[in-house]
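User: I'm new to this and would like to learn how to read a structure. Could you walk me through a few features?
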Amino acid sequence: MMFVNGIKCNAVNMNEADYRHADAIVIMLCKECVPAIEKLLLPQNIGKTVSAYLALHDDIFEPCELRSLVVDSDGKLQLIVIVGCGCGNECKPNNFRKAAGVVSRELQRQKISKAVLAAPILLNNERAHYLQALAEGLYLGAYKFTEYKSDAKKIAGCSVTVVSTVNEAVQTIGRAEIIASGVSYARTLANRPGNAVTPEVMANEAAKAAAENGLEIEILDRNYLADKKMGAILAVGQGSNNAPYMIILKYNGAGDAPFTAYVGKGITFDSGGISIKPSANMGEMKDDMTGAGVVLSALSVIAKLKLPCNIIGILACAENMPGGTAQRPGDIVTSASGKTIEVVSTDAEGRMVLADAVWYACRHGVKRVIDIATLTGAAIIALGKETACIISNNDSLADTIKIAGKMAGESYWHMPSLPECKKAIKGEIADLVNSTGREAGCITGGLFIGAFVDEGVEWAHLDIAGTSTAEKTAGFTVKGGTGFGVMTLVRLAERI
């Protein structure tokens, strides 16, 4: 095991003596688990203190509710942290994931170097999914982005020993470590500013990931994109000095089985182009490449886990700037598919780079395409900042994504693809328009992308505009880039 964000986890079947060597003991509880506390084999004085506290504080079981006590243990002051994980039906893996994120920040705040974490539910050897969620929460809750702080202090490491009788507990924690590292990497890419992450930088990052993980890679530069007549992505990038790139990564872990394509929007900075955005908070548009960062991270995780699946990852990267060569509202663009697009708004650029990307994915003979993008503000209006929307041509695929998301602690909702919305994207002077205005914006934006997917190919579009960045720290989510989607795509790869 290694340190991830300053946290290192391992799992053992503890005895009383092991507790006494720790600087802190963390007890994670749902209300129904209280009678099983004695099975944790806590030191007698600790057990009595915890039981007495619980008898007086029934509100402790609220998910993520945390209380800290200091106990004299054989002349040594020992921190006791009690964390609620819910009551009744709230006792779910994701509440343990959230609670563990709160725990990791408390351990860092208290400058703890050695902790023991115990939860009665982990004494059930069939609860590996709870253990994995808990370990993911510990790693991800401790994430900090300090690359540009000149006075940033090195994070002191904290080793957390988890009391568990879960089958293959060490392997389960190792898996969580790999996944959390991937999510953290996606967060870091999204948190870096636009002058540090350009399309070329994304290509370089992908090349490093391919070399480290044994992935095949193909990088399409501006000349290659022009040869392939990928007019949509070229139109988006033509106003910037930073040339667009399309990056293709290939993981073959299942022989001749069909491939699934993960396609990510990689707008490394989105000014809106000629249809320029308001200046207030425009700096947040550095995260408009989150979809591509998520796909890159997911492919790396899938390769490290050696999952038995075949995945192609495509990163459609460009910078949307209002330079003198930029596309204009009213321009007609010919996409790689041959379909023409009327540019109603240059700020509806993500769907254009994805149009060429999903078409190119289909040229690889894939069975299904899942694109992921910070596509529309309309998704935030419709679903808020905790849930991403799905637009799909296949209900079964959409349901599978929702299940994968639930396992990952990431929420999705399947939106309807009404015939009226499909008609709305049809153009009068071109085949399609790239924007239909505010009404049903997240649906029409997704359906625009779907229009470039080959007939017979299963397709789903994930709009993560509301979930890609967090405004505050809570649970295992830390303010800034969230890496939302990495865990879903990994679990989806397992299921398909």
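Analyst: Helices (H or I, at least four residues) and strands (E, at least two) are DSSP runs, numbered from the N terminus. This is a predicted model, where local features need pLDDT of at least 70, side-chain atom pairs count only at pLDDT 80 or more, and totals for chains, interfaces and linings use all residues. Residues are numbered from 1 along each chain as its sequence is written, and side-chain values use heavy atoms, with hydrogens and water left out.

User: Which residue in β6 stands opposite N10?
Analyst: Strands of a sheet pair through backbone hydrogen bonds, either parallel or antiparallel. Here, β1 and β6 (residues 158–163) run parallel, paired over 6 bridges, and T161 is the residue facing N10.

User: Where do the side chains of β1 point?
Analyst: In a regular strand the side chains alternate between the two faces of the sheet. In β1 (residues 7–12), I7, C9 and A11 point to one face and are buried, meaning under 20% relative accessible area, with exposed over 50% and partly exposed in between (1.4 Å probe, protein chains only).

User: How far is Q171 from N10 in space?
Analyst: C-alpha to C-alpha, Q171 and N10 are 9.6 Å apart, although 161 residues separate them in sequence. Q171 belongs to helix α5 (residues 169–191) and is partly exposed, at a relative accessible area of 49%.

User: Now a helix: how many residues of α4 are buried?
Analyst: 12 of its 14 are, so α4 is largely enclosed by the rest of the structure. Among them are Y130, L134 and L138.

User: At what angle do α6 and α9 pack?
Analyst: Axes are lines fitted to C-alpha atoms, for helices over the stretch in contact, and angles run from 0 to 180 degrees between N-to-C directions. For α6 (residues 199–213) and α9 (residues 290–305) the angle is about 5°, with the axes 10 Å apart. That makes the two helices roughly parallel (under 35 degrees; over 145 is roughly antiparallel, 65 to 115 roughly perpendicular and the rest oblique).

User: Which residues of α6 meet α9?
Analyst: Contact means heavy atoms within 4.5 Å. M202, E205, A206, A209 and N213 of α6 meet residues of α9 including L296 and S300.

User: What is the strand order of the open sheet of 3 strands?
Analyst: The order is β11-β12-β16, with mixed pairing. β11 (332–334) and β16 (432–433) are the edge strands, each pairing on one side only. 2 bridges join β12 (residues 340–342) to β16 in parallel, and E342 has V433 as its bridge partner.

Definitions and conventions: Pairing = 2+ DSSP bridges.
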